[in-house]
Number of protein chains: 2
Amino acid sequence: MPNARPELVEKAVNTIRMLAADGVQQANSGHPGMPMGAADMAFVLWTRHLRFDPAEPRWLGRDRFLLSAGHGSMLLYSLLHLAGFDCALEDLKHFRQLHSRTPGHPEYGFLPGVEITSGPLGQGFANGVGFALGHAMLAAKLGPGNPVSDAFVYAIVSDGDLMEGVSAEAASFAGHHKLGRLVYLYDDNGITIDGKTSITFSGEDVTRRFEAYGWHVQSVDGRDHDGIDRALQAAKAELGRPSLIRVHTTIGFGSPAKAGKSSVHGAPLGEAELEATKKALGWPLEPRFLVPDDVRAYWAEVRAEKAAQKQAWRAAEQAWRAANPEQAALLDAHVERWVPERILDRARAELPAPDATRKVSQAILQKIAPLVPCLVGGSADLAESNLTEIKGAGSVAPGSFAGRNLHFGIREHAMGAIANGLAYDGLFVPFVGTFLQFADYMRPPVRLAALSKLQAVYVWTHDSIFLGEDGPTHQPIEHLTALRAIPNLHVCRPADPEETAAAWAHALQRRDGPTALVLTRQKLAPVKRSVPLDPEAILRGGYLVDAPAGATFTLVATGSEVPLAQAALEALAKQGVVGRLASIPCLECFLAQPKAWRDEVVPPGQRVAVVEAARGTEWWQLAGRDGLVLGIERFGSSAPEKALAEEYGFTPAQVAARVTRWLAG
Amino acid sequence: MPNARPELVEKAVNTIRMLAADGVQQANSGHPGMPMGAADMAFVLWTRHLRFDPAEPRWLGRDRFLLSAGHGSMLLYSLLHLAGFDCALEDLKHFRQLHSRTPGHPEYGFLPGVEITSGPLGQGFANGVGFALGHAMLAAKLGPGNPVSDAFVYAIVSDGDLMEGVSAEAASFAGHHKLGRLVYLYDDNGITIDGKTSITFSGEDVTRRFEAYGWHVQSVDGRDHDGIDRALQAAKAELGRPSLIRVHTTIGFGSPAKAGKSSVHGAPLGEAELEATKKALGWPLEPRFLVPDDVRAYWAEVRAEKAAQKQAWRAAEQAWRAANPEQAALLDAHVERWVPERILDRARAELPAPDATRKVSQAILQKIAPLVPCLVGGSADLAESNLTEIKGAGSVAPGSFAGRNLHFGIREHAMGAIANGLAYDGLFVPFVGTFLQFADYMRPPVRLAALSKLQAVYVWTHDSIFLGEDGPTHQPIEHLTALRAIPNLHVCRPADPEETAAAWAHALQRRDGPTALVLTRQKLAPVKRSVPLDPEAILRGGYLVDAPAGATFTLVATGSEVPLAQAALEALAKQGVVGRLASIPCLECFLAQPKAWRDEVVPPGQRVAVVEAARGTEWWQLAGRDGLVLGIERFGSSAPEKALAEEYGFTPAQVAARVTRWLAG
């Protein structure tokens, strides 16, 4: 850090405070309290520790900074502006306005330097674990002296982050795995929206809790810059465990009437109090969004120092690359998230025989994992059921990161958020598995992956009542509908090995959003295609399996119901009732096709029935009011698979009979 | 506990082990390991501590026993059988079969003595906190000597329960609030599905973690009955804090080849190993499902002791009732979850003026709360935004339970599960609030409330993009679709004070499932009804607001889009385009109506358009293929409400124009 008089430092910190307060006031909406309280710690971190380059925001060697407490977005935007990132004063002035680059909560992809989308509490905390995990894994692959091994992952987290269960799961995971390059500053301000944290949080000893997770914990006064600096140094020296620094702050610091109160959390100061604050801090009332010249000059010095750091890093990187060409190529494959061309052909090579699609998926995974070095993943304690293991690739274990298989424990929520961390950082394509039922436990990070356009893959098995005896607590009914409702999430429910290969290929090729593979527990009968298979057609989301002459209606099915529908159609054909069979493994992909394709698969002039052992609401869009949706409108039951098929009307004979009645109606 | 020779005790415990192993073997599916390992602790708890009456399973004075580790269901079923509950050997023999009363995981409502539906890990842990909270709250209302104050809530919890974030949230809540009558036995067997817990959990010091939450923690050998007994006594003596007893067990105890291994967790022992186990335990190979006569006789003695306990309790209760007639009446109101007749009329009395529906809800809550003593609730740190406070009713605080307002902290998942605990126990109707966006964080307990037919109420505010500047991380899009997909959940999205009153009345009258109130942040224009209002019609889920002569189509809307649709229809009427306006605040209720009513509201001969500022997928069922659904198929944006209305096509002029184009198409 460049030397500076204490007065200048105070002025520089107040610049952050006042940019935040001005921004919220101008937007007439937002959260001034957190930035005003946390400005000191952020300033110390950014000027004395954080490695960054505003000219190359995604510089591989940078430290990562995550604002888990995303409501304090003006803190981040102010820092990005002052540090010279592509974030102009105009951006700050358009805080929270339509089409601005400074939305109410930070959104990944809007502004360079924003590493994650944050706001839903706890998510950023767990994302950071994913960042640090990825660095450790990549470093272990690349060997000594590699250019990714010495970055730190910093975050500012809030009371709310620590109360959320997802952060408890992630903290336990990080502590267990000894992720030493994780350094979190806890903005311990004692205030939440409803008042003091003592209302509902003070019974908990946060220090002791994090020590129990295996973390290194310190406490420091939030106004003491040297103390914060020393704590950061000590945290960085603890390379065998993650660190939490409790920074005791005053929310809304500087506001005479509102500092330390919950009223400053989520609303503008108001014109009068903004003025009073500026007076109290010795700040000019005008102009708004003031950055004093000497503060600008100071940040220029900071940037020069950071540039020198980068230069040193670059020299070391070049030397390492020269000495380790193979490892350098591997690094590049990670940076590009390289996937070989024609991955569909590779996935389709030597397909296994029809079986449970989870088993087929397992076989395909073994083929593609060696081809895609950046593919890593695991399960929330269901690897034996989800069949997500990359065989022979080894497991990640405490302090040992060379494997490709992750053991998330029974922590689905953190698993989803850690996968997001890996995906945000962009050095891995993560896949994570659990039962489809427990997609509910990880729904918040799934949504954020879709919103943030992250390449993440979900392997959700045991995808219907046909998982059998475990009963309704484990049998998904509404989950397909609920997941398909999330914009930009592609839900693939393959029916056989061809479709499963296509689903994996789609997940690997798709760079701008998450893909779910929804797989059966139970063995499936083969799909017999009378329409010659075009593997690319599967990637269109829906295609015709059978198109017999004289067909008078279309039966649409997905996954395990494709062979069922085929058996029902065979029974109907014997009665002279002839229908088409369309398989639509990915409804989102299908609906995005040109009308001509959609009309070919589901001819609009004829009636449409859909069979899917799930809620089915979304299929009415295809079926229409004279259509039929054979779904399930109640919860499942604990019973063997065959008994359930009978009970819920999903035998071939029952489907045929229901279609017959419908056609007659 | 009746005296018994150690040999008889061992035999009695082995009876539980072998009933479980036989049951799983017969079903050829299930989880034998946990019951075999935890049989000792369960036996000590049930015989020496738990207060119960098999003849009156819902006896108010009973202790509650929850099996959070629901996969060990055969442990619970075996205990219920041996203790004389209405659970026959035949029930055990039909474990996991269709229409049996012994499903794979325990389900509330199937078998007397099953207090909760468990299986999704962590839920039972948090449910228990709800039970204990309810007892403390009711006891505080009833005063000294009341008959509900001395019950304990016991649970057996597993590694998986403790890894899930929901239990972290619930443990912190319970510790903070000093819920002293909560005693959890942790089946610490070191094994999960994927292997030893050391793969991903051993980095965590569970004892220290729970001490950090403010719990009393002990450790004990899982085979040492007297040790377990002493630990339970000590836990019960700690009335100022919850207790966790780490019981070190061997999963699958007794199985020579599989004890202590993950292979015994979730699959039958197999015939050979079952035989080997019986030999190792000195157990007859036949008959299966053996309960030796002396074991039966022993349980008869246990029952006699429990009956004497109950008699003493009953005598004290009668004396208390005689001395405290008013309090006794209040107790009965809780036991019945009493709601006055014609609650809709009471809710409608002196309705506030149209405003944000969350504000209207707040006003109605103030009116109905005094009428419904069992109604309690709160928010996950958003009481100021959800407007869920019962004014003047006081807050629940550590060790102080007389208030009606709960402060859940930023712990939505535990909030939902604690509400379920209150609802399972049946002494309260809980309402809990957060932003609709964060319904995702509490989705697992919402589903379980629907599955278990619990009367719980959700107050989800900030229900669309029109919450404005907080942006897409806070703006629900897919949530209505995802929630409506859950069977038995009623989602009410009222448009004005009349509909908000009806939604509250519905939530209070409905005994067999949860009800969601989905409310706006923003102020709404009044709904002008040209069809005379029948308040009961609102309860039918959908009704006509305007039915002008010459209408050629129906426009359906919900919530904030009802006044919007009305404005659009007014604009269209000026152009001579005349449409009906149907408000459907509760789609599930509407679809359950007789066809005649549905056809009256949405005449089938005419075209249908639906406007809802959400995903809208489920509305195609009403709209059909020639219909129109004006929804939102992408994520929201951070911007002021008015800018968003314009951007997303939800101004009256835009809606009118889109309807015009559609009618022409």
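Helix axes are lines fitted to C-alpha atoms over the stretch in contact, and the angles between N-to-C directions run from 0 to 180 degrees. Helices (H or I, at least four residues) and strands (E, at least two) are DSSP runs, numbered from the N terminus. This is a predicted model, in which local features need pLDDT of at least 70 and side-chain atom pairs count only at pLDDT 80 or more, while totals for chains, interfaces and linings use all residues. Residues are numbered from 1 along each chain as its sequence is written, chains are lettered from A and ligands numbered from 1 in the order in which they are written, and side-chain values use heavy atoms, with hydrogens and water left out.

In chain B, the axes of helix α5 (residues 123-142) and helix α7 (residues 165-177) come within 8 Å and cross at roughly 25°. The two helices, α5(B) and α7(B), are therefore roughly parallel; angles under 35 degrees count as such, those over 145 as roughly antiparallel, 65 to 115 as roughly perpendicular and the rest as oblique. The crossing of α5(B) past α7(B) is left-handed, meaning that the near helix is turned anticlockwise from the far one by less than a right angle, with clockwise counting as right-handed.

From α5(B), the contact (heavy atoms within 4.5 Å) takes in B:Gln123, B:Phe125, B:Ala126, B:Val129 and B:Leu133. From α7(B) come B:Val166, B:Ser167, B:Ala170, B:Ala171, B:Phe173 and B:Ala174. Nine of the residues in this contact of α5(B) with α7(B) are nonpolar, two are polar and none is charged. Here Ala, Val, Leu, Ile, Met, Phe, Trp, Tyr, Cys and Pro count as nonpolar, Asp, Glu, Lys and Arg as charged, and the others, Gly among them, as polar.

## Helix pair α1 and α10 of chain B

The axes of α1 (residues 6-27) and α10 (residues 271-280) of chain B come within 11 Å and cross at roughly 170°. That angle makes α1(B) roughly antiparallel to α10(B). On the α1(B) side, B:Met18, B:Ala21, B:Asp22 and B:Gln25 take part, and they meet B:Glu271, B:Leu274, B:Thr277 and B:Lys278 in α10(B). The residues of this contact between α1(B) and α10(B) are three nonpolar, two polar and three charged.

## Two open sheets in chain B

One open sheet of chain B has five strands in the order β1-β2-β3-β7-β6, with parallel pairing; two strands pair if DSSP finds at least two bridges between them. Its edge strands are β1 (64-67) and β6 (216-221) of chain B, each pairing on one side only. The twist from one strand to the next averages 20°. Six bridges link β6(B) to β7 (residues 243-248) of chain B in the parallel sense, and B:Val220 has B:Val247 in β7(B) as its bridge partner.

Another open sheet of chain B contains six strands, ordered β9-β8-β10-β11-β13-β12, and its pairing is parallel. At the edges stand β9 (405-407) and β12 (490-492) of chain B, each with a single partner strand, so one side of each lacks a neighbour in the sheet. The twist here averages 20° from one strand to the next. Strands β8 (residues 375-379) and β10 (residues 429-435) of chain B pair in the parallel sense over five bridges; B:Gly378 stands opposite B:Val432 in β10(B).

## Backbone exceptions

Most residues other than glycine have a negative phi, and most peptide bonds are trans. A cis peptide bond joins A:Glu286 to A:Pro287, with omega about -10°, and A:Pro287 lies in the loop between α10 (271-280) and α11 (293-323) of chain A. In chain B, the bond from B:Glu286 to B:Pro287 is cis, with omega near -10°. A:Glu350, not a glycine, has a positive phi of about 50° and lies in the loop between α13 (343-348) and α14 (357-368) of chain A.
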